[in-house]
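Q: Could you take me through how the parts of this structure fit together? I would like to begin with helix packing and then move on to the sheet and the ligands.

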Amino acid sequence: MMPSSLAATALRPVPEPPLALLAELTHRCPLACPYCANPLELERASAELDTADWLRVLDEAAALGVLQVHFSGGEPCARRDLLELVKRAADRGLYSNLITSGVTLNQAEIDRLAAAGLDHVQLSFQDAEAGSADRLGGFRGGHARKLALATMVHAAGLPLTVNFVVHRQNLERLPAMLVLGETLGASRIEIAHVQYYGWGLVNRAALMPSLAQLEAATAIVEQARVTLHGRVTIDYVVPDYHATRPKACMGGWARRIINITPAGLALPCHAAETLPGFTFPSVRSQDLAGIWRDDPLFTKFRGTDWMPEPCQSCERREIDWGGCRCQALALTGDAANTDPACALSPHHAVMADAVALATGPTPDLVYRRISGIAALTSAVG
Ligand code: SF4
Ligand code: SF4
C-alpha cells in the first residue's frame with residue numbers, strides 16, 4: 001500500500017510554475033532603511049550561497065518554467081559574482097531585473113552588466129529631497145549617487161524603473177517624487193507604501209500615514225496616471241491598514257513567485273521566515289521543482305482548501321487568496337487566520353488599533369543594521 005503522505009502528493013494537482021524568482025543574493029547593503037523588507041535577523045556574508053549554488057538555482061528555475069529573475073538583496077551589487085549570475089540568467093533565457101540602491105555602481109560596471117545580458121534596472125529612492133533621503137537611508141550622499149546612476153543606466157541602454165517607498169515622513173513630497181521620476185526618464189515609477197512586516201513593523205508608529213495622508217496620496221497618483229498616460233507607467237502599492245479588503249499578497253501563496261534567501265532557503269514570500277513551525281527547504285539540498293511542487297511550507301496555504309471562514313465561502317477567495325499569511329501571524333498570532341486587513345475578519349479591530357497608535361507622536365526611527373535592532377542610530381544626523 002502507498003504511504004499516506006505519498007498518496008497525498010500523488011493526488012495533489014501539479015501547480016503552475018512560478019512566474020518569477022526573487023533571488024536575494026545578500027543582506028549586505030550600504031543603506032539602513034528603517035522599512036527594509038529584509039528580516040530582523042540578517043544573514044552575514046559567510047552564510048551566503050556560493051556562486052555554484054546560485055548558478056544551479058538559475059538553471060533549475062529556467063527548467064521549472066520561471067520567466068523572470070529579480071536580483072535583489074540587500075544590495076545585490078555587493079556580490080562579486082553578480083556579472084556571472086546575470087550572464088547565466090541571460091544564457092537560460094530568463095528576463096533579468098537588477099533591484100539596486102544604486103549607491104555603489106559606476107558606468108563601467110553597469111555597462112558590463114548590460115553586455116552580460118541584464119534586461120532592466122529598478123532603482124530605489126528614499127525621497128525626492130536629498131537631505132531627507134539621506135537621513136531615511138542612513139547614507140550621506142546616497143541620493144546624489146542615485147541621481148547619477150539613473151543617467152548611467154540610460155547610457156548603458158537599459159530601461160529604468162524608479163521606486164519610492166512612501167510613509168508618514170515623506171508623503172508630503174509625493175508630487176516631487178513623481179516629477180523626479182519623470183525627469184530621470186523612468187519608464188515606470190513605483191510608489192510603494194511601507195509594508196508593515198519586519199523592520200517596517202518595528203517602525204510602524206514612526207511611518208504609518210494617517211487616513212487623510214493616504215487619501216491625498218491616492219488622489220495625487222490617480223491624477224499623475226492621467227497626466228503621464230502613455231509616457232510613464234505608475235505602479236501604486238497601498239498599505240493594508242486603512243483598507244477593508246486585503247491585497248492578494250504575492251499574487252497568492254506559492255502561486256506566482258519563489259523567493260530564495262541569501263543562505264539558500266526557499267520561501268513563498270520574503271517574509272515567510274516569520275512563520276513558526278516550519279523547516280524551511282534549502283536549495284543547497286533540494287531542487288527547486290520539488291520544493292515548489294511538494295514542500296509542506298509551499299503547499300500549506302496554496303489554493304483555497306486551507307481557508308477558514310469567512311474566506312472559505314467568500315466570492316473573493318480566488319481574488320485576494322485570503323490576504324497575507326505573514327500579516328495574519330504578526331497581528332493575530334495565527335498564520336491560518338483571515339488577514340485582519342479584511343473587514344470581514346473577526347480580528348479586523350487590530351488594524352484600527354494600530355492606525356490609532358501610529359497617528360500619535362512620531363518616535364525615533366530604528367535603522368536596519370546587520371547587528372540587529374539594538375543599533376538605534378543613523379549614520380546621518
Ligand atoms: S530597503 Fe534600504 S536597507 Fe533594505 S536592501 Fe533596500 S536599500 Fe538596502
Ligand atoms: S473574507 Fe477572506 S476571501 Fe473574502 S475578502 Fe476577506 S480575506 Fe478575502
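Q: What do the buried residues of H2 pack against?
A: In this predicted model, the buried residues of H2 pack against strand S1 (20–24), strand S2 (68–72), helix H3 (82–91), S8 and helix H11 (288–294).

Q: Which residues of H2 are buried?
A: They are Trp54, Val57, Leu58, Glu60 and Ala61. These residues are on the same side of H2, because they cover an arc of only 165° around the axis.

Q: Why would residues three or four places apart point the same way?
A: An α-helix has 3.6 residues a turn, so residues at that spacing point the same way.

Q: How many residues does H2 have, and what span is expected?
A: Helix H2 covers residues 51–64, which is 14 residues. From its first C-alpha to its last it reaches 20 Å, close to the 20 Å expected at 1.5 Å a residue.

Q: And what follows H2?
A: Gly65 follows H2, and the phi of Gly65 is positive, near 115°.

Q: Turning to S1, why is it largely enclosed?
A: Of the 5 residues of S1, 5 are buried, so S1 is largely enclosed by the rest of the structure.

Q: How many bridges join S1 to S2?
A: There are 5 bridges between S1 and S2, and the two strands run parallel. Within this pair, Leu22 stands opposite His70 in S2.

Q: What is the order of the strands in the open sheet?
A: The sheet has 9 strands in the order S7-S6-S5-S4-S3-S2-S1-S8-S9, with mixed pairing. Its edge strands are S7 (233–237) and S9 (266–267), each of which pairs on one side only.

Q: Do S8 and S9 run parallel or antiparallel?
A: Strand S8 (residues 257–260) and S9 run antiparallel and are joined by 2 bridges. Asn259 stands opposite Leu267 in S9.

Q: Now the ligands. Which residues surround ligand 1?
A: The residues around ligand 1 include Cys29, Cys33, Cys36, Asn38, Glu75 and Arg368. By class, the shell has 5 nonpolar, 5 polar and 2 charged residues.

Q: How many residues surround ligand 2, and which are the closest?
A: Ligand 2 is surrounded by 14 residues, the closest being Cys311, Cys314, Arg316, Cys342 and Leu344. The shell around ligand 2 divides into 6 nonpolar, 3 polar and 5 charged residues.

Terms used. Residues numbered from 1 in each chain as written. Chains lettered and ligands numbered in written order. Predicted model: local features only at pLDDT ≥ 70, side-chain atom pairs only at ≥ 80, totals over all residues. Pairing = 2+ DSSP bridges. Helix = DSSP H or I, 4+ residues; strand = E, 2+ residues; numbered from the N terminus. Expected span 1.5 Å × (residues − 1). Buried ≥ 20, exposed ≤ 12 C-beta atoms within 10 Å, placed from the backbone. Arc of directions from axis to C-beta. Contact = placed C-beta atoms within 7 Å. Near = placed C-beta within 6 Å. Nonpolar A, V, L, I, M, F, W, Y, C, P; charged D, E, K, R; others polar.
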